[in-house]
Each structure stands twice: as structure tokens, then as C-alpha cells.
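Visitor: Please show me the model, and let us discuss how its chains meet.

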2 protein chains.
Amino acid sequence: MMLRSFLHLGRLGGLRASQTIKNSISLQVTHRNNQYLLYSTSKSQNVYLVYEENDYENKVDNVNKFTNRTYTCGELRSENIGENVNLCGWLEYQRMNKFIVLRDSYGETQLILKNDDDKSQKLLSEIPLESIIQIQGTVLSRPKDMFNKKQVTGEVEVRVENLKVLNKARDTLPFNIREFQKAKESLRMQYRYLDLRFPQMQRNLRVRSEMLMKMREFLVNNHFVDVETPTLFKATPGGAQEFVVPTKFPGQFYSLVQSPQQFKQMLMAGALDRYFQIARCYRDEGSRPDRQPEFTQLDIELSFTDLEGVLKMIEELLCYSWPTFHSPLPNKFSRMCFKDAMENYGTDQPDVRFEYKLQNCTDIIKLNESIVNKTKDFGAYYLQFPKEYANLSKSVKDSMSQLAKKYPNVKLIQNKISNPKDWSSKVTKLLSDKVANRFIEECKLKEDSILFMAYGDKKEVLGLLGKVRLEYVNFLENLGVTIRKKGYHFLWVVDFPLFEIDDDGNLGSPHHPFTSPHPDDVHLLETNPLKVRALSYDLVLNGNEVGGGSIRIHDPLLQETLLKMLKIDKTSLQHILDMLASGCPPHGGIALGLDRLLSFVLSTTSIRDVIAFPKTFEGRDPVSGAPSTLSEKDQKLYHIQSLNVDKS
Amino acid sequence: MMLRSFLHLGRLGGLRASQTIKNSISLQVTHRNNQYLLYSTSKSQNVYLVYEENDYENKVDNVNKFTNRTYTCGELRSENIGENVNLCGWLEYQRMNKFIVLRDSYGETQLILKNDDDKSQKLLSEIPLESIIQIQGTVLSRPKDMFNKKQVTGEVEVRVENLKVLNKARDTLPFNIREFQKAKESLRMQYRYLDLRFPQMQRNLRVRSEMLMKMREFLVNNHFVDVETPTLFKATPGGAQEFVVPTKFPGQFYSLVQSPQQFKQMLMAGALDRYFQIARCYRDEGSRPDRQPEFTQLDIELSFTDLEGVLKMIEELLCYSWPTFHSPLPNKFSRMCFKDAMENYGTDQPDVRFEYKLQNCTDIIKLNESIVNKTKDFGAYYLQFPKEYANLSKSVKDSMSQLAKKYPNVKLIQNKISNPKDWSSKVTKLLSDKVANRFIEECKLKEDSILFMAYGDKKEVLGLLGKVRLEYVNFLENLGVTIRKKGYHFLWVVDFPLFEIDDDGNLGSPHHPFTSPHPDDVHLLETNPLKVRALSYDLVLNGNEVGGGSIRIHDPLLQETLLKMLKIDKTSLQHILDMLASGCPPHGGIALGLDRLLSFVLSTTSIRDVIAFPKTFEGRDPVSGAPSTLSEKDQKLYHIQSLNVDKS
């Protein structure tokens, strides 16, 4: 028992003692002066680890501690033969009211009732599967030819001496707990407590818990302080749509925070120095697939740091907390600047697991003056896939054309190139022979390749081809062709623009208004704000953003200038301006979206599969049916009245 | 460097390796096959610990890692003399534009500018205190007679070679960061980022973070799974007032959870087996001192357990996570049943740090029939404090009389007893001579003692005398008399009644409707429900409830019966009934109120001092002023209209 405890503790501390010990030949444990010493005599170094006894009575960690069982259903081995044990769990399967498979969160154990145990056999005959039973019995060896290699407990069975029904299940449940009969998602969500019994959901939640604990460990080891910040707060100007909470003050509402941004900056001004929090955040984004109204982020901020400091910190954190069932991550993640990401991948979340980048052919295509004339910021790009990846079926073509409809200022050309020389004849309506031939030559159009070319508004061209690039590869991979490199590829995207132009021609913040401009570009703030880069960074995993952050503005005057440029009423953020003027250190931070990150780590199809009780894509709680109506009395209490309610 | 890292990791794993190593005489570190081996050759057992090198580059934990400084302001010692260092922090103090005290979260360091460094001296003359500066310089020894023993860095100073102003503070701040000039609480709250710079607040938040991490460690070591549950949920029938959140569905609202109770029970039905969460909870309790609209609890639930299992788990958890700056807690906490707590202390949160329990004198006083006739459930109790604690000033008497006004069905007698024999003459209007004399004799009224006696409605008598007991001792202790035992005294209160009677004569739940009745009392459910005990438990620390929980009902029929008895509409909890009928193991759990617990651990006067950004007692956020008005547009978005708004 001590040994087991010690191994676990060792692993927790990052010591990976188990591996060391596995390699040694003999192990001994001695107990001396409150210390357990575990050692091997087979290596040049004798003693491997010391475990100090704690003050409390029984320091052995044990999955059965504080319970009425002696073992879990995943624990018995041939070493336990002859032991008298007490097991609890779900009735997974039974045959002839005599053979039982008992299941719990940790595994399955085979039980066998005695031939003359009429009482237990009768009990068993009266309860449906999934009922909860407790048994006391003796561990026996199974006959060698009955060993079940697929079960970790497959060498033993337990002869039942006493069977107790702890809780009878209903005769029929909404669905069975059988992997091969998986119910559809809406049903799984409504009866989430049944769905959670499946090994996959068990694993998802357990891996999530472990990975979050490793993250905490890393941060605590590096002197970060876990601080809880409020969720009932004031509306953030210019942010996403926030949920509101009416109060007993007439007409006054809290907003549920969309991130702890303002609080973490105040903690820096408050000399907390190094902060983290696994924080619940809220965003009312309506019906959007794979978004949740409440979600979890790992939120980090530190003082006296810079962009390099934050990036290094996250690289180390992810290396440290990365699950051991995946290959280790590299020490350093690649980086790409926003401009290159857009130019080569048509997105700020590039999937770098495969080549086939967008190629610029603007200089050639713009020789066709009639095309260019119509467009303010003209661009022409193409993508070429070689012979071995050439498969341009009608359905692919159609779905690409469908994509292109969302980009009204772009012309998309998609061709299978049988003979490059013939290509110009296919596009006579669009390009002059001269231009088409020059393209064939300069862009090295190859035999039997697939060409996607688009021209028009540059931004739209890049956006469309970025999507075409992914869709085409998805299509090929669905056919069984492997194009993407395996594994997890993290990428930093940096040098984002500080501003963007919104539909009304106003300046907006792609990140948030507290993001620091790049010091080399501050002089451009007045003259050419769209050229100003931000000290911000996004973390992209396999083509998906999983985190982002920035170095913040610490100068109150610069912050005021930015708010003015963004047309944000400064009175709503006076507390932030005061805070920056009170002696605020330079600081920066980041937030990782944990639901999404875990969904990748666990290769689930939706983030809902890494959340214990997710809402539907409409934002409803499928278990309780929330949201629901509010009584007139409660409405009055909060000085509100519901409008537009369908009374039918 | 390796050594340091390893020690820290060891500590995290609960190994307390540092202590072991301190006791050994010589230490060596070798590096072999990716493993660092740390060993002492002075003991019979040679090697103490092995530390396996991780994949990532630099595994040394360091408070300066990821920053631009080389040391914190609390780190330099005489060993560092001669080093070139880089420090950042707040300008705490300066004299003659030459001597500086630099402060950060970790301490203070004295800096000295060179006589000819006109540039830095000018910079310094232009910035107010609390500005942020960064210096680069050389560590020097202070002259021996200038050692500052009060400062951990008091043997050294840093000669500045380069000074940079990172962020200038405003000339005058709302208050100074000086311990002796502490501002009043409302100002401290409004400018929380200034208040957080005080060492006391720094310590409070850091100890909170550490203690919560130790709790997590204990639970993870014991195979509990950290599961995040939703906060946007459905209203709980029959619970406390909950905040509501309007949605884009007209007339439909979420409620913010007051605890994860329903979710954790569903996790047990979902075979999670052992769950915990440090959970944000919400309760709209209006203006109540020392309550917060959002608060944090450590929430735990496990399957196949019983009352003994849960209590033992919490005892071990608190022993494990108890701060080392306090004396260790005992292995086992005392227990008291609810009945005894009420009878002896007049409260279910007894302060057992001092004797002077309530004494029952009902049998004597009820001989005075005229008194008894008026009262349905008559009781008479008294408290006697001996000579050495006798101090019944007019102001004490007045405040006790004030207390008594809240108990209309009680008569309170308070006397200083000069001569016991004379006492009967003092109460002639109330008690017959015979009864008074019998009381003097049987209750052993002592010379020069203080007597508080109360009779009338038994429940009120106990309530009042329970309060008198505490108030009187508080009064004495404020005068400097020590009555309470020092330290932290945890107490379990068990055997609560399952039901209480509310003002309308209906049955209510003192805990919640999912609490299991005591199995020995189930037969009384129909015949005498008020006699039924609950399998619930409260954890009381020094006379204050800091946690509570219960074994839950797992039988769906019993749950349905309970809901009926409590007149709770079962349709609102149909998902819970379905869950119990789906194969739900017996389970139980507990929640600890972390804000309150930390407030005791850190001896703060209010829970606000252990919360980074607390709300005022009215529920306002003092930093941002939230809650605030909501635009008409946003009101329309959520299909609500504000009522009773003062338009002035």
C-alpha cells in the first residue's frame, strides 16, 4: 500500500518515479523516523525515493478510501486470489441469474453466484440491468482457458457470498450503456448522467481534470498566484454581447464577464506580479455551433514581462501539462506573422500540417486590365495540387462554387489540368491568351494537376482560397488519402494589426482596447493607424485558435488616446485609466480556451464532449430544460417585465 | 539551480523532501541518463531522491522567469555582493534624489544613486512615489553599522548604474501605501488595486491560493476528479433567492446556481465516483453583512460512502491543507449532536472554546405555575459566570436587554449575585419565594457570580441565552480577559432534524430536499416527521459554520415522498427523479465555504479581506460601480423592460 501511494505522489510532483522503479530489479521498503524509504539494491545508486509520513493517520492514497468497498471493479488481479472482498457497482450484464458482470468507473469484474444461493439468485432475477448492487465474496482464479485477455481483471472472478441490491434501476432506460448502441446526441445530452457512464466520457472528464491540474502545478511551481475574480461586473464597452443580470436596484444590471481582463490588469497594478485563474467566462453568442454560453479559460497575467516572456511561459506550460499518451511537444513553437499567414494561408489560423500554400499571381493577372479596373485592392492567387492529389469531382467543384458565393467580389477558377498548354483555351472568356500563357509558364502549371485560381478583391480572394485549401484537403482525407502531418502542431501568430476597419468605416480592435501597439509603430498612430502592429499573439493548434493575448498598455495617456481613436466613452473605463496612473507596471498575459484545447487533445468531434453538462447549440440546458419562465413575483422583485411572451 | 527546482517539486508531491535534506550532512548531485540524482553520503541509506529531467529546456522554477528582472526586491543577500542585477518595482521612498527604497510583491531593496549620476537624479526628482522604475546596478555590502535587521535584504544595497522610469504615477493618489495610514474601507474598496499593494492583502491572497492548491492536491491524490459544472441553470424550487439571467427567448430566464448540488448528484449517477470542484456560487441575499452575492465553495461528492467516510475525508483534507504557520489540526474532530448543541449552547454552531454552558432549570421554574400557563413549550435555562469573570456593568445589561427584545416570548433576568440568599428578594415580582429559593439551592448559586436566567418559549430561551453567552464573553475579552482557548477548534454537528416547521406551519428542509433521513427514523416519516433525524452534518469552526453536507437520498420513491411532504412540485425536479431511477449509487458529500474558512485562517475582520474584488454589503462593485443601467436596445434584446426606474 505504501508503495502504491508513493508512486502516485512521485508522479504528481513531476518525478515520474514509476518509470525509474520499473527498471530496477528488486525493491525494498523500510520505515524509519517517520520516513518510508523505498530502494532497490540492484543499481549503483541504492535508494531511490523517500516518502515522509504525514501527521494525519492514514496517508495512503486509495481510490477506495472513504467508501464501503475494498476494491474497485478494475482492480482485482491474480495476486488477490483468496481474498475476501467487497465490491459495488452497476449490474452490467447477467446470465442465468448466476453469472454477473459488475461495472464501475474503473472497470469490470466477473461475479459468480453459488449454485445453492437461492436468495441472491432471486434478488438478481428481480432487478434490471444498471441496478446498483454490492457484493461480498472471495476472489477465485478463473480456469486458464476462461481467461479474458481483454479485461484487466480477466484472470479472476469473485464468488459471491452476499449480494445486496442498493438501488434498483427502472426496467427500461432511455438508452443502453453499450458502446455499439450509442444513442443520438440530443438523447445523450438529455440523459447526461447515463451518457457519462460510457468509457469515452469518463476518460474525457478525467483527462481534463488531470491536464488542468498539471497546468496549475506548473503555474504554482513558478510562483503564480491563483486569484478568483468576480463574474458579476459592469458591461464592457465595445465587446461581445454579454448576459445581463437584473438586481434589486430598479433599472440596474450586472453583466456577466466575458473574461477577467480588467481584473487581471488591476491585479498587476495591485502588485500581485504573477496571476492565473481557471476562469468561467460568459458570452451570449446566440446559436453558433460549438460555442457555449459559459466556457472556461486559463487566464494568466504577469508583470515586468514582454512578448518573449509570455510565449516562453506558455510553451513550457503546455510541454509540462501535455498528456503523456501523446508524443511530447517541442520546446519551442513556430511563429508566423499575421501578414504571412494571410498571404500564404488566407487565414490568421493557418493549418501548417500540410504545404500547398496560396501563390500570388497578381502581377500576371493584373495585366488583364479590364479585370483590375473594377477593383480597389486587386489580388490574384492560386493553389496547385499535384497529380497524386488530383481529384476534382463534380461534387467537389460544386461545393467550392458554393463557398465562392460568400465572396461576391471574387472570381474563382477551378480546373483539372490535363495538358497545361490547353488551359488558356478553357479561360478565354476571362483571361487574354497572353496573360493565360504567361501564367502557365511563370506559375509552372503541371500536367494532371488541380488548379484553383481566384482574383478580385484581395481580402476576399485570400479568404476564399484559404477555405478552398482546407476543404479540398478535407475532401481528399475523407477518401483515405493522408496529407496532413500527424500529431499536434502549435503555431504562434504575431504582429497582428492593432486596428481594423468596421463596416461603418470606424476603427475597431481585433483584440481589445487594452492591447499595446508595437513600440516601433507608435509614431504611426496618428498618421497611418492601420499600419500599426499590436503586441498581440494568437496560439494556433492544427489550424484552430486555442488562445491569445497581448502585452497591455500601461501608460494612461496612450490608453486614453487609443480609447479616443476607438470612439469608446472613456467615462465607462475611468477606473482603468485611474489604475494605470496609480503606478502600474508593464504587463502582459494570455488566455487559453480550455474547452477547445481539450477537445483537440481528446480528438472529440465537439467541445460538448469535454464538458460534463454542456448546453445545446441554442443555449438550452438539455437536462433541466433551462432557461424557463420567471414568476410575476420574481419579475417584480427585479423590477423587470417580460415582453413579447407568447401566452399560448 | 537544479537542487532548488527539485526541492520544490518534491514538496508539491507531498514529499517534504526539503526537511529530509536539511538533516543530511553532505549533498551531491549527479546527472545520468536524463536523471538528476541527489544524495547524501552521510546516512546509512545513500540516495534520497531522483529527479527526472523533463523535455522542456529549463525546468528551474523561478519567480523571475519570463520577466525582465534578475531578482525580486526581496531576494538579494550578502551572497550576491558584486553581482550585476536588474530590479523592477515601485518607488516606495526616496531621499535627496539619491537614496531609494524599491518595493515589489516580494520585499524591499535599498538603492543608491552615484554622486555624479545627474541624469538619474534628475529623473528621480521628477517622479512621485509609487512610480514604476527599473534599475540595473551592482550589489554592494552596506556598512556593518547600517545593517537593517528588519529587512531581509538589509545587509546589502544596490548601486544604480542605469535607471529607467517605466510608468510615472499620478502626483497624489487617493491614499498612501503606508501601513500606519490605512484608509477607511470604502476608499480601500474603490481603489482596490492600491489596497492590494499592502503586505496584508498580498499575504491573504497568496495564502488563499496556496491553501486551495493543497486542497486540490489532496483530492487529486485521492482520485477525485475536478469537474466544472454550469452556473447558468434552472431555478431551484424552495431554495434561497437566486439571480436570474434573461435570454433571447422571450420570457425565459436562467438562474445562477446557488450550488452545484443537482449536478454533483448527476455526476454520481454518471459513475464519476469521486468528484470535487472549487465552485463559484450565487445567492441574492440583499444587504447582509459579510455575505457576498458570489462566493466560492469547495464542493465534494462521492459514491458508495457514508457519513463516517465523508467526515474522515474532510478531516484528512483539512489536516493536509492546513497552513504550516498554524499548529497542526488533530486527526479527528469532536462531534456533537444537534440536540445537545441547542440544549447546551443555544445554537447549532456552538463555540466550544470555553465552558459556561446553558443549564436547564425548567423543572424548578415551572413550579411557578402562573408563568408556565402562558407558554406552549415552556423552558427555563440559566448561565452562571463565576466571581473572576463577574462584570455586569450597566452597558452590558443594556445590551443584553436589547438582545432580549428580539425574543418576545422570553423573560430575561440578569443579576450580579452579591449574596445568593438575597437573590430571591430581587425576583419577587417574577418568582415565588419557594421557587427562587429552590433555584438558589439546587442550581448552586454562588457568591459574587453573574447570573443570566431566561424562561418562556423554550426555543426562544435557548436562542437568547446562546447569544447572551457569546456577547458576555466577547465583552469580557474586549476588556483583556482571556476566556476562549486559543487556536482552531473544529466541531461536527450531526443528527439535525430532517424537517423544520415554517411560519405557515408547513414542513421545510433545514438543509435541502435531497438530504437522506436517518435509516433508523424512516419509519417515523408518516407518523412523526419532526422526530426524523437527517444524515446531515455541519462543520463548525470556533463557533461558526464553515461547511455542511449530507448523505443524499438515492431511492427515487423516497425522494418523491419527501418532495410531496415538502410540497415541492415534482415536475420541476423530474430530471432528478429520473436520474435516481436510472441506477444511482448511494452517495454523499459536503461543501466548505472557502471565503469564510479563509477569513478565519487569516484572522481577518471580514470575508472581504480574503477576496480580491469583493462587492460592498449592498452588492455593489466598488471599483466599476456595477450594477449599472442597461440600454433600451439591450433590454429589447432580452425581451424585458425595466420598471420603477427613477428617471430623475
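Guide: Two strands pair if DSSP finds at least two bridges between them; strands (E, at least two residues) and helices (H or I, at least four) are DSSP runs numbered from the N terminus. This is a predicted model, in which local features need pLDDT of at least 70, side-chain atom pairs need 80 or more, and totals for interfaces use all residues. Residues are numbered from 1 along each chain, chains are lettered from A, and side-chain values use heavy atoms.

Visitor: How many bridges join strand 27 of chain A to strand 27 of chain B?

Guide: Each of these strands covers residues 640–642, and the two run antiparallel. Within the pairing, I640(A) stands opposite S642(B). The number of bridges is 3.

Visitor: What area do chain B and chain A bury between them?

Guide: Buried area is the accessible area (1.4 Å probe) that two parts lose on being put together, summed over both. Carbon and sulfur atoms account for 56% of it here. The total is about 14,900 Å².

Visitor: Which residue of chain B forms a salt bridge with E316(A)?

Guide: A salt bridge requires a side-chain nitrogen of Lys or Arg within 4 Å of a carboxyl oxygen of Asp or Glu. The count between the two chains is 10. For E316(A), the closest N and O atoms are 2.6 Å apart, and the partner is K65(B).
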